[in-house]
Amino acid sequence: VRDFKVRCINHTIEKLKDILGNYNNIKAYQYPGKQVIEDALKLFNSIANIRDTSELFEEVSNKKDEIIKISPKINTISEFFKGNQKEQFDKIRETIITYENNRDYVDNTKELQEVVKKILEILNAEEPYSRIHELPTLRKELIDILVNMYEIKSTPIIKIANKTIEYIQNELNNANINYEDFGKNYIENCKGIIDSLQHSNELKDIYAQETRLGQMKDSFIIALEKKKYEMSKPKDDNTKSDEPVIIKTRKIVRTDMLMNRSYEINSKEDIDKYIEELRNKLMKELEENNNLTIK
């Protein structure tokens, strides 16, 4: 009995505990077979805890069919962790999590839906072992789809960043302001955004960088106005005044905020109505601040 417990039961329990350790700290898309390993541990622990010799062999005899049924499953799961199946599972899990983090930003095409469906069928299966060989091909298909979407969506934002650099340079030249003294940080930030877009694989980053570009350009316009005002003050003016100097900052007005709804244009009259509404809104903005920049 002692030999049976040590060489069979306890050895199997230790093997099961080692396998169970693989499931720790996995939050999304758990490895397959965890329930099988937990059930097997309960089974073999219940046998190991029996001290009476006759009772032990009787329990083993009663559990024979259960042991015979679960043993091949244990071996299959063990082979999963020993071979490259676990590596393939890890890679596809990382890719599908990247997809899910960007799901709100992807174009939900039929091609994408089909690939994701096949991947999830394998990841969520209780016994996916016979289909894991499909994962490398499915992963490549998913990556190709996402990369293509990313390139399509990031290209116009990179163009906006380059145009922003050109705009900043032109504004500095027109104002006779040295790039190194004032505009360098803005341009370097634009270049940093371009670099980030060219090396990231997160679709959500594209929209974050677009927002960042807009905010930075607005900041530059306001800062440039202040810089121009400072440059316009006479350097030898030593006169003092108790009245505070008020710098009229330039207000940024976005066209998408001015006309923030869709318009049906079916005639010249519709165009006139649209223009008149736009004119009225611009006049209202001008009354509030006579330094406007329309974006």
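What pattern does the chain follow, read along the sequence? In this predicted model, the order is α-α-α-α-α-α-α-α-α-β-α-α-β. The chain holds 11 helices and 2 strands. Of its 295 residues, 33% are buried. Among contacts with a separation of 6 or more, 72% join residues 24 or more positions apart. The chain exposes about 19,600 Å². Carbon and sulfur atoms supply 46% of that area.

Ser 200 was examined in more detail. The residue sits in the loop between helix H8 and helix H9. Helix H8 covers residues 179-199, and helix H9 covers residues 203-232. Is Ser 200 buried or exposed? Its relative accessible area is 17%. The cut-off for a buried residue is under 20%, so Ser 200 counts as buried. Its side chain makes a polar contact with the side chain of Asp 205, at 2.9 Å.

Ile 275 belongs to helix H11, which spans residues 268-288. The relative accessibility of Ile 275 is 48%. Exposed residues must be over 50% and buried ones under 20%, so Ile 275 counts as partly exposed.

Conventions
Residues numbered from 1 in each chain as written. Predicted model: local features only at pLDDT ≥ 70, side-chain atom pairs only at ≥ 80, totals over all residues. Heavy atoms only, no water. Helix = DSSP H or I, 4+ residues; strand = E, 2+ residues; numbered from the N terminus. Buried < 20%, exposed > 50% of the residue type's maximum accessible area, 1.4 Å probe, protein only. Polar contact = N/O pair within 3.5 Å; in protein donor to acceptor, adjacent residues only side chain to side chain. Contact = heavy atoms within 4.5 Å. Areas by Shrake-Rupley, 256 points an atom, 1.4 Å probe, with all protein chains shown as cover.
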